[in-house]
Amino acid sequence: MKNVFKKGLWENHPIFKQLLGMCPTLAVTTSAINGLSMGLAIIFVLNFSSGIVSLIRKFIPPQVRIAVYTIIIATFVTLADLFLKAFFPSISKALGPYVPLIVVNCIILGRAEAFSSKNPPKLALLDSLGVSLGFLWGLVLLGSLRELLGAGTIFGIKVLGDFFEKWVVMVLPAGAFLVLGFLVGVINYIERKRR
Amino acid sequence: MKTLRVVLVLTLVSVFSAGTLSFFELLAEKRIAENEKREIEESIFTIVPQTEKIEEVKDYYKLFDKEGDLLGYIFLAEGQGYQGPVKILFGLKPNLEELLGIEIISHQETPGLGAKIDSGEFKQQFRRLRVLPKIEYLKKKPSLPNQIQAITAATVSSRSVVNILNKKIDQIRKEFKKR
Amino acid sequence: MKLIVEVSPHKKADYGIPWLMKEVLIGLAPVILASIIFFRIRAVFLIISCLLGAVISEEVWMRLRKKPSSLRDYSAVITGILLALVLPPKLPLWVGFLGGVISIILGKQVFGGLGQNIFNPALVGRAFLMAAFPVMLTSWVEPFSLDAVTKATPLALWKFSKEFTPLKDLFLGNVAGSLGETSSLAIILGGGYLIMRKIADWRAPLGMFLGMSILSGIFYLVNPLGGSILFHLFSGGALLGMFFMVTDPVTTPVSKLGRFLFGLFCGFLVIILRKFSGLPEGVMYSILIMNGFTPLINRLTKPRPLGR
């Protein structure tokens, strides 16, 4: 049981191990707060859609399962989008089109297809919780590193003093690829050391 | 029988989805509209702090002060920047010859470079700027009342702002003359 | 019997990489000298800091990967110097050092070391710095001025204010620009040496020369404000790229025709970027772009056996 939860946090980490969901990972992690908000939005969408898919898994005819998953996912994505627009307009503006784009995020459809459609709700929720929390820490780490180098701050708090010269490239798309590549390398290195 | 089940499940799921969404949309709708309106109003107050009353006319706003005198007009201009569209809200005096100020609503310029078009320092230059014969940008300290200084290493972004404004102002002046 | 298929030459002399790199250093000498004449002590310090960045990171990387030290082959030294030569003189020294580190690590070692890299390491370093510190990488100083009087490069003057710099200044190097790109004379001397000694293949530079001449010539005929052929050749990093970047044996095609084509397209791209992009200079990007096409050019220009 516990293993299902832990898998998504490290062993099958969605970003660093499976390299899934690259679109939000690379595009919105320009700052720690953006990474956090995207992570929270994904926690909401993934857990609700996994739960519901698992609940109705026995009623879904296999021919149209992808369509059903997509409708369910899109429902929760739109809810998350409406919520951000209504209560956090500045974050909604910063994330831009990437909130609606969660619909096509491979992680969410992937979990629905690979896990929650085959397992009871309790297990499905444990799995989705693990994966979405894994996604969250990945996004926050990526966002923090990019914000630190690109703006000298983390969560808007000044970390590096005035002597620090901002590396503009880190908040540009190129910086996302550089930091992601670096982190995947570090995590592979840690993994190899542990064996 | 099989087809019937497919149709039934898909319909049910869609109905559930549509129902949930319309319910929450109804709840959020008002707030979202308010947010958007507040954003525009806040920008207007930044451009002209002494505004008391805003009157919306077709595609622009009229501003009035405490005594009910016309302060000027607010327009929205949009055009191509260095990396994407730039949306600018700007105020014109009633005689249409001088700017009240500008606010950048949205842009996608390079952070740390072109993004400086949204900095106070750059926007400040447009306060009480003459728009006749047209706004000009220099790479050094400006000397005439219709000139601004472009941002170092971001000439393209600065030029875009100036061009967007010039184009829109030209259009406005022609339209107002017709009346 | 085991057959080995490889490109010519099949008879190899006992020269090796260190000898080659030393020859390149001799070729670079006039350019380095010119940079010191024009930008004085700044040039010396910047070259040293780029060198240190490149050499130290190379050594640290090899130690971390538990491989024999590769400092003796001088490739890191060349990369460091080439990087310094394409950077603006006023650059803070730590930025030069960082550029050296990026050139070696991101430009070369992550691909597997010398001979494996896809892109010219020195230019990767510069491209990174350009994206990271765009203001620093586009502020230039007048030559001979120790108190750093800022001045636009000839290409920026041409692009943004339609001013032309006298050809004599462009030829001698009495203009603002990167350390090693200002003096066309010094580059032609050093590059000429490399070509005479057959260290550098003449086909790629010739291709680039033709590419730039053809396109800028056409634009000049249409509108003289587009800049003459000589103006485009002598300004910016065109000559430096022509003699020291497109001749890099690792990141350019192996076949003779391929090298010529590589240079030709580089030349076209340079003029296109100078003319139509937001930036005044395009040598770095055009060479990096063409580096990416190298495998494709190799494939298309593979020598065919006679009769096929």
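1. Accessible areas in this note come from the Shrake-Rupley method with a 1.4 Å probe, and for residues only the protein chains shown count as cover. On that basis chain C exposes about 14,800 Å², with carbon and sulfur atoms supplying 69% of it. For chain A the accessible surface comes to about 9,100 Å², of which 70% belongs to carbon and sulfur atoms, while for chain B the surface is about 10,700 Å² and the share of carbon and sulfur atoms is 54%.

2. The model is a predicted one, in which local features need pLDDT of at least 70 and side-chain atom pairs count only at pLDDT 80 or more, whereas totals for chains, interfaces and linings use all residues. Residues are numbered from 1 along each chain as its sequence is written, chains are lettered from A and ligands numbered from 1 in the order in which they are written, and side-chain values use heavy atoms, with hydrogens and water left out.

3. On secondary structure, helices (H or I, at least four residues) and strands (E, at least two) are DSSP runs, numbered from the N terminus. Chain A has eight helices and two strands, and its elements, read from the N terminus, run α-α-α-α-α-α-α-β-β-α. Chain C comes to twelve helices and zero strands. In chain B there are three helices and seven strands, in the order α-β-β-β-β-β-α-β-β-α from the N terminus on.

4. Chain B has a radius of gyration of 22 Å, well over the 16 Å that the globule rule gives for 179 residues, so chain B is more spread out than a compact globule. The radius is taken over C-alpha atoms, and the globule rule is 2.2 Å times the number of residues to the power 0.38. The C-alpha atoms of chain B fill a box of roughly 80 × 45 × 30 Å along the principal axes. For chain A, with 195 residues, a compact globule would have a radius near 16 Å, and the value of 18 Å agrees with this; the corresponding C-alpha box is roughly 60 × 50 × 25 Å, taken along the principal axes.

5. Burial (buried means under 20% relative accessible area, exposed over 50%, partly exposed in between, with a 1.4 Å probe and protein chains only) applies to 49% of the 195 residues in chain A. The buried share is 52% of the 308 residues of chain C and 41% of the 179 residues of chain B.

6. Contact means heavy atoms within 4.5 Å. Among contacts with a separation of 6 or more, residues 24 or more positions apart account for 74% in chain A, for 74% in chain C and for 44% in chain B.

7. For charges, Lys and Arg count as positive and Asp and Glu as negative, with His and the chain ends not counted, and the place of a charge is NZ of Lys, CZ of Arg, CG of Asp or CD of Glu. Chain A has 19 positive and 8 negative side chains, with the centres of the two sets 9 Å apart. Chain C has 29 positive and 14 negative side chains, and the centres lie 8 Å apart. In chain B the mean positions of 29 positive and 24 negative charges are 6 Å apart.

8. A:Cys23 is in no disulfide, and the nearest cysteine sulfur, that of A:Cys106, is 8.9 Å away. A:Cys23 is partly exposed, with a relative accessible area of 37%, whereas C:Cys50 is buried at 0%.

Terms used: A disulfide is a pair of cysteine sulfur atoms within 2.5 Å.
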